[in-house]
Amino acid sequence: MAIAAVSLLAFMLVGRADGAQRSAQTYLAPDSVCSSASDRAAAPEVQARAIACLVNWARSQDQRGRLVPRSKLQHAAVLKGERVAACGQFSHTPCGSAVTSGVDAAGYRYATFGENLYAGTWGQVSARDVVLAWLLSPPHRANILSPKFHDVGAASVRANGLLGGSDAVVWTATFGTRR
């Protein structure tokens with residue numbers, strides 16, 4: 001897997017989910033399950049659908065309910081990625097914004113909220129690479145498997161210069177449950 005300068009962060013507003021003792025590979029769907037999940041050249045919308053598919057497959061391995069893709073959470077993920085790119089800060093609070101600024105601006109009224117971020121080199125990572133990185137990180141995996149979440153949105157944003165001058169991509173997965 002050719003990933004340059006990958007950075008990971010997690011933010012959680014929920015308790016720890018099960019799955020800490022299992023290998024990340026047991027949660028990663030086979031290539032044949034999620035269309036275009038390994039295609040690094042797939043369109044961003046296709047990769048976003050693959051992220052949701054991979055997340056739901058991981059949840060099924062832990063007998064968790066499927067997350068419903070929500071356009072407002074996808075919009076929130078875009079807004080977070082754009083803010084990270086504009087500020088040049090790989091952070092859940094870029095430029096000092098509230099961690100919930102994306103979901104609030106997108107109009108998603110939540111009872112619970114969480115997000116995963118990923119940064120890598122544009123065109124060098126697939127949806128499968130992103131989800132595997134999250135599954136290898138206990139806090140990210142906890143967000144993916146949390147029974148407190150019912151909805152998901154995912155998006156990528158190009159972030160030129162974010163990784164020290166390279167052409168970067170920021171992936172955001174936003175998880176929530178509506179009020």
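Me: Before anything else, how is the expected span of a helix defined?
Reply: The expected span of a helix is 1.5 Å times one less than its number of residues. The model discussed here is a predicted one.

Me: What does that give for α2, and how far apart are its end C-alpha atoms?
Reply: Helix α2 covers residues 44-61, which is 18 residues, so at 1.5 Å a residue it should span 26 Å. Its end C-alpha atoms are 26 Å apart, in agreement with that expectation.

Me: Which residues of α2 are buried?
Reply: The buried residues of α2 are Q47, A48, A50, I51, A52, L54, V55, N56, A58 and R59.

Me: What follows α2?
Reply: Q63 follows α2, and its phi is positive, near 55°. Most residues other than glycine have a negative phi.

Me: Where does S36 sit, and what is its phi?
Reply: S36 lies in the loop between α1 (24-27) and α2. Its phi is positive, about 65°, although S36 is not a glycine. With a relative accessibility of 28%, S36 counts as partly exposed, because that category lies between 20% and 50%.

Me: And C95, what is its phi and where is it?
Reply: C95 is a residue other than glycine with a positive phi, near 55°. It is located in the loop between α3 (71-87) and α4 (101-106).

Me: Let us step back to the whole chain. How many helices and strands are there, and in what order do the elements run?
Reply: The chain has six helices and five strands. From the N terminus on, the order is β-α-α-β-α-α-β-α-α-β-β.

Me: What share of the residues is buried?
Reply: Buried residues account for 51% of the 179 residues in the chain.

Me: And what share of the contacts joins residues at least 24 apart?
Reply: Among contacts between residues at least 6 apart in sequence, 76% join residues at least 24 apart.

Me: Turning to α5, is it enclosed or open?
Reply: Helix α5 (residues 127-136) is largely enclosed by the rest of the structure, because nine of its 10 residues are buried. The buried residues are A127, R128, D129, V130, V131, L132, A133, W134 and L135.

Me: At what angle does α5 pack with α6?
Reply: The angle between α5 and α6 is about 110°, and their axes are 5 Å apart. That angle makes α5 roughly perpendicular to α6, because angles of 65 to 115 degrees fall in that class. On the α5 side the contact is made by W134, L135 and L136, and on the α6 side by P138, H140, R141 and I144.

Me: Is α6 mostly covered or mostly uncovered?
Reply: α6 is mostly covered, with six of its eight residues buried. Those residues are H140, R141, A142, N143, I144 and L145.

Me: On to the aromatics. How many aromatic pairs are there?
Reply: There are two aromatic pairs in the structure. Y110 and F113 form a tilted pair, 5.8 Å centre to centre with 45° between the planes. F149 and F175 form a stacked pair, 5.6 Å centre to centre with 25° between the planes.

Me: Which parts does the F149 and F175 pair tie together?
Reply: F149 lies in the loop between α6 (138-145) and β4 (151-163), and F175 in strand β5 (residues 166-178), so the pair ties together parts that are 26 residues apart in sequence.

Me: Which residues does T174 touch?
Reply: T174, in strand β5, touches L73, A76, A77, V103, F113, G114, E115, D151, V152 and G153, not counting residues up to four places away in sequence. At 2% relative accessibility, T174 counts as buried.

Me: Lastly, R179: where is it, and what does it touch?
Reply: R179 lies in the segment after β5 and is exposed, with a relative accessible area of 66%. Not counting residues up to four places away in sequence, R179 touches R109, Y110 and A111.

Me: How far is R179 from Y110?
Reply: Their C-alpha atoms are separated by 5.1 Å, while the two residues are 69 residues apart along the chain. A polar atom of the R179 side chain lies 3.3 Å from the backbone oxygen of Y110.

Terms used
Residues numbered from 1 in each chain as written. Predicted model: local features only at pLDDT ≥ 70, side-chain atom pairs only at ≥ 80, totals over all residues. Heavy atoms only, no water. Helix = DSSP H or I, 4+ residues; strand = E, 2+ residues; numbered from the N terminus. Buried < 20%, exposed > 50% of the residue type's maximum accessible area, 1.4 Å probe, protein only. Phe/Tyr/Trp six-rings, centres within 6.5 Å; stacked < 30°, edge-to-face > 60°. Contact = heavy atoms within 4.5 Å. Polar contact = N/O pair within 3.5 Å; in protein donor to acceptor, adjacent residues only side chain to side chain. Axes fitted to C-alpha atoms, helices over the stretch in contact; angles between N-to-C directions. Parallel < 35°, antiparallel > 145°, perpendicular 65-115°, else oblique.
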